[in-house]
Amino acid sequence: MTRTPYTLTLESRVSEGPQRYQFHTADGVCSKDEFRTSELQLLESLWEAEVGNLLCPEANYGVVGTILSAKGDSVQMTESSARATHICEKNIRENDADAEVS
């Protein structure tokens with residue numbers, strides 16, 4: 001898969017990390033055309049916390065792990081879908097995040 005037809009942008013409200021995050025999505029991933037409310041709430045809840053080594057199982061296209069990589073000691077995301085793994089890797093690179101996905 002070389003093309004991801006959907007792009008979502010999330011504006012940052014904190015000084016750490018970029019001012020804007022962009023995420024590519026595609027058919028076959030959860031919530032391809034909007035951010036999931038649960039992920040946005042998780043980000044708000046964890047932003048002030050010490051996250052240390054973070055594991056994000058079933059990372060989808062990598063929203064939580066990509067953003068929290070600015071706060072954590074290390075971020076490991078897992079994904080059972082090859083399509084989602086590929087998109088997650090692309091989002092990590094394009095947002096210059098320090099995270100891994102397997």
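Which residues touch the most other members of the largest nonpolar core? I started there. A nonpolar core is a set of buried Ala, Val, Leu, Ile, Met, Phe, Trp, Tyr and Cys residues joined through side-chain atoms within 4.5 Å. Buried means under 20% relative accessible area, with a 1.4 Å probe and protein chains only. I found 26 residues in this core, and Tyr61, Ile67 and Met77 touch the most other members.

A note on the source: I am reading a predicted model, where local features need pLDDT of at least 70, side-chain atom pairs count only at pLDDT 80 or more, and totals for chains, interfaces and linings use all residues. Residues are numbered from 1 along each chain as its sequence is written, and side-chain values use heavy atoms, leaving out hydrogens and water.

Next I looked up Tyr61. Its contacts (heavy atoms within 4.5 Å) include Leu8, Phe23, Val29, Phe35 and Ile87, not counting residues up to four places away in sequence.

Then I read the chain as a whole. I listed 3 helices and 5 strands, in the order β-β-α-β-α-β-α-β. These are DSSP runs: helices are H or I with at least four residues, strands E with at least two, numbered from the N terminus. Of the 102 residues, 41% count as buried. The C-alpha trace spans about 35 × 25 × 25 Å along its principal axes.

Last, I compared the radius of gyration, taken over C-alpha atoms, with the globule rule of 2.2 Å times the number of residues to the power 0.38. A compact globule of 102 residues would have a value near 13 Å; the chain has 12 Å, which agrees.

Conventions
Buried means under 20% relative accessible area, exposed over 50%, partly exposed in between (1.4 Å probe, protein chains only).
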